[in-house]
Every structure is written in C-alpha cells, then in structure tokens.
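Subject: Structure for your review

Dear colleague,

Please find the structure below, with its sequence. My notes on what was found in it follow.

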Amino acid sequence: MAAGPLKETFHWKSDASLWLSEEFDDTFLVFFRPSGETHFLNFLSFGVLSKCSEQPHSKEKLASALRDLFDLSETELPESLIATVIEQLDETGLLTPVVQS
Amino acid sequence: MTVKLAQHNRRDIASALKKGMFTLTLGPFKHLVSGTSAPLLDYLYDTYRDYDVALKPTDVSEIILNLKAPNILRRFIRPQVSPDPGFEVPTIPLPLKMAPLAFEMGMNLSVALKCCRFVTVHAGVVANEQGAIIMSAASGSGKSTLSAALADQGYRLFSDEFALIDLEDAMLHPYPRPISLKQDSIAVVRDIVGADRISAPLSGTPKGDIAYCRVSEHDLLQAHKKAAAKLILFPRYEAGVSPMARKLNPAEAVMKLIPASTNYSLLGEPAFRAVLKLVRQAKAYELSYGTTEQSLQLIADIQASGAGR
C-alpha cells in the first residue's frame with residue numbers, strides 16, 4: 001500500500017506470483033498470498049490487476065489500455081474510475097506504486 | 001475396543017468419564033471426554049446411546065474436552081460447569097443441569113478452533129446418493145430444522161453444525177452429532193421426527209430453550225462415507241416471507257462461505273483451493289422462506305430443475 005497520498009506520477013505494478021485467480025462468469029476470485037485474503041474482483045478491477053502484472057502502468061496508460069481491451073469510450077471508462085480501482089487495489093496490497101524518475 | 005455406549009454399564013461410563021478415559025469415535029475424530037456430573041452422564045446415556053465409545057484412551061485423540069467447575073467454590077455451592085477444550089477460550093459457566101449444553105458447546109469450540117485437517121464451515125450438511133447439500137447460515141436461520149427435515153426425508157445427516165471440507169478433494173466428511181434445537185424449532189422437529197428422538201428440553205439457557213435430536217442409527221453406521229457437494233444453500237428463515245430461491249455465481253458463493261468458515265484464514269491457500277473445488281462441483285442458491293414446508297419445496301424445485309443432480 002502506498003505510504004502517503006497517491007500521486008499522479010505513480011506507476012502501478014502487481015507481482016502475479018503473489019496471487020492466485022479463478023474466473024467465474026466475468027467475476028474473479030483472487031487469493032493474495034501475503035495477506036491470506038480472498039478478493040472478489042469484477043472484470044475491470046481484474047483488468048487493472050492483469051495489466052499491472054505485465055509491466056508498471058500509469059493511471060493514464062491503464063485507462064487507455066483498458067478502453068482498448070474492453071472496447072469502451074472515454075465517457076464509459078473515465079480516468080477517475082480507474083483511479084478509484086487503483087486506490088482500492090492499493091488498499092488490498094494487490095497493487096504497489098512505483099515512482100518513476 | 002469400541003462398542004455402542006448403551007452396551008456399556010452405566011457405572012463404568014461414569015468411572016471412565018471421571019478418569020478422563022471416555023473415548024467417543026465419530027467421523028474423522030476421536031474425542032477424549034472427562035466430566036463428573038450426573039446430567040452429563042444422563043445426556044450421553046440417552047442421546048449418544050448408539051455412538052461407538054471406548055472406556056480407555058486411544059493412542060491418538062484429536063479432541064480433548066474436560067467439563068469441569070469454573071472454580072472450586074462452584075463444585076459445591078450452586079454447582080456450575082464449563083467446557084475446557086484444552087486451550088484458552090472464553091466460555092460462560094452454566095448451572096450443572098446444563099451440562100449437556102456445555103458438552104455440545106465444548107465439542108463445537110474444539111472442532112471450530114482446533115481442527116486444521118478440513119476447511120470447517122458453519123453449516124448443516126445432508127447427503128443422498130446424488131451428493132451432499134450444504135446449508136450455510138447464521139444461528140437462528142433454520143438450518144438445524146431444515147437438516148432434521150431433510151434427514152427425515154431419507155437424506156443422511158452429516159452435521160447440523162459443520163461442513164468438514166477435505167483439503168485435498170473437497171469431499172465432505174460426516175460428523176453426525178445430535179441436532180441442536182432452539183425455542184420454536186423444538187416443537188417443529190418433534191412433529192417431524194417423533195418425540196422419542198428429542199432429548200428433555202433445557203430451559204433458561206443463554207440460548208433460550210434447547211433440546212437435542214438424536215441421530216438415527218442408520219446415519220451413524222454410514223458416518224465413514226464421504227460425499228461430494230451437489231448443492232450449496234444459504235437459507236434464511238423469516239416468518240411471513242414469500243419463498244424465493246436465487247441462483248448465485250460460484251464466486252459469490254465462495255465469498256459467502258469464507259466468513260462462515262472458522263479456519264479459512266488460518267489455512268490460507270489450501271483452503272482457497274479446496275473451496276474452489278467445492279463450488280465448481282455444486283450449484284449455489286440463496287433461499288428465503290417462512291416455513292419448513294416452503295424450504296423443502298424450494299429444494300425439491302431446485303433439484304427438479306436439474307441443478308444438484
């Protein structure tokens with residue numbers, strides 16, 4: 001989890017070796033090994049997690065990549081929604097911030 | 001050697017209980033029980049009459065339960081009894097006449113907090129040839145009544161308290177202890193199974209009036225046979241409500257089973273994998289109903305629709 005307020009410059013990553021996932025009808029169960037907690041993710045939040053496990057992404061890059069992935073417009077998937085998902089995944093520890101120099 | 005409790009001499013049972021040498025074998029557990037109260041002996045002699053017991057300790061016991069007075073004063077003045085499962089746990093001392101409740105509470109605490117070979121979920125479980133039905137609900141939601149009603153329809157009773165889910169293959173293990181009945185459910189289940197299967201009610205307990213329904217001899221003989229889950233139900237009894245069944249996404253079912261488990265967080269990843277296996281092989285539903293007949297009809301309808309076969 002980020003120490004202090006989230007910054008626009010943060011990139012976000014996820015270590016896929018730390019979690020297990022299972023899909024059920026567009027919903028995902030994710031077991032996070034460090035916390036031992038099981039999380040219920042919708043397709044969007046799992047999309048964020050998956051993208052960040054490939055390489056670190058900024059909020060803008062994530063929004064753009066997910067719009068392409070799910071064929072959504074900027075109105076349908078605004079950056080503010082991605083920011084909310086990032087914050088929630090950061091709370092769980094599934095995402096961690098990387099400060100880009 | 002284990003023989004049925006009723007075949008032992010009552011004085012020998014009392015002596016074994018006093019010396020801590022009373023061993024009850026049931027399902028996957030051997031329980032070593034000690035206690036000295038007459039109400040405990042009466043209860044075991046009646047409600048546990050068909051269970052296999054030995055009057056000496058076995059080499060391996062999983063559950064060790066001592067029913068004792070909370071302090072020396074309460075052995076003699078207004079005697080009380082508390083379950084001691086061998087680890088620190090907050091319990092309420094009960095009047096001696098409530099020793100059966102202390103015994104059952106102690107057994108539940110032992111399984112809930114000490115058992116790590118299974119994922120334990122607070123649920124009633126019954127099974128037939130097609131598989132098992134898990135009914136996960138909070139106390140007072142009617143799962144014990146429903147378990148008793150289904151057992152009366154020919155299902156084998158696995159437990160009215162715990163689903164024991166195997167960590168390897170997610171099979172359910174029977175653990176058929178007497179069905180715990182509270183308040184109005186005592187009369188309901190008495191009407192279903194007959195008065196001879198119901199213990200003498202205990203009045204004024206912290207849970208209100210309580211009685212226990214004896215497990216059938218047939219179910220005890222089958223207590224070694226595991227079953228795969230075919231239905232996972234989340235029943236909710238509410239007087240006057242219209243009966244309704246809602247199918248759940250398996251992921252929703254997992255998220256409802258986790259808080260009902262007493263050891264999921266402790267077991268971690270193996271529990272996650274076992275619960276996934278469980279929900280892959282079964283259909284899950286939320287049930288709302290106002291009478292036992294309605295709940296039985298909902299389950300029959302679900303089965304008739306092809307789910308849970």
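Chain A contains an open sheet of three strands in the order 2-3-4, with antiparallel pairing. Here strands (E, at least two residues) and helices (H or I, at least four residues) are DSSP runs numbered from the N terminus, and two strands pair if DSSP finds at least two bridges between them. The edges of this sheet are strand 2 (19-24) and strand 4 (37-42) of chain A; each has a single partner strand, so one side of each is left without a neighbour in the sheet. On average, neighbouring strands are turned by 20 degrees against each other, direction ignored. Strand 2 of chain A runs antiparallel to strand 3 (residues 27-32) of chain A, and six bridges join them. A:S21 has A:V30 in strand 3 of chain A as its bridge partner.

This is a predicted model, in which local features need pLDDT of at least 70 and side-chain atom pairs count only at pLDDT 80 or more, while totals for chains, interfaces and linings use all residues. Residues are numbered from 1 along each chain as its sequence is written, and chains are lettered from A and ligands numbered from 1 in the order in which they are written.

Helix 8 (residues 250-260) of chain B lies across strand 2, strand 3 and strand 4 of chain A, running at about 150 degrees to strand 4 of chain A. Axes are lines fitted to C-alpha atoms, for helices over the stretch in contact, and angles run from 0 to 180 degrees between N-to-C directions. Residues are in contact if their C-beta atoms, placed from the backbone, lie within 7 Å. The contact between the chains takes 11 residues from chain B and 11 residues from chain A. On the side of chain B that touches chain A, helix 8 and helix 10 (269-281) of chain B each supply at least two residues. Helix 8 of chain B gives the largest share of that side, five residues. By class, that side has seven nonpolar, three polar and one charged residues. Ala, Val, Leu, Ile, Met, Phe, Trp, Tyr, Cys and Pro count as nonpolar, Asp, Glu, Lys and Arg as charged, and the others, Gly among them, as polar.

Within chain A, helix 2 (residues 59-70) and helix 3 (residues 79-92) pack at an angle of about 110 degrees, with their axes 9 Å apart. Helix 2 of chain A is therefore roughly perpendicular (65 to 115 degrees) to helix 3 of chain A. Helix 2 of chain A makes this contact through A:K59, A:E60, A:L62, A:A63 and A:L66, and helix 3 of chain A through A:E79, A:I82, A:A83 and A:I86. These residues divide into six nonpolar, no polar and three charged.

Chain B has an open sheet of three strands in the order 13-15-14, with antiparallel pairing. Strand 13 (179-182) and strand 14 (202-205) of chain B stand at its edges, each with a single partner strand. The twist averages 35 degrees from one strand to the next. Four bridges join strand 13 of chain B to strand 15 (residues 208-213) of chain B, and B:S180 has B:Y212 as its bridge partner in strand 15 of chain B. Helix 5 (residues 143-152) of chain B packs on this sheet, touching strand 13 and strand 15 of chain B.

Yours sincerely

Technical notes: Angles under 35 degrees count as roughly parallel, over 145 as roughly antiparallel, 65 to 115 as roughly perpendicular and the rest as oblique. Two residues are in contact if their C-beta atoms, placed from the backbone, lie within 7 Å.
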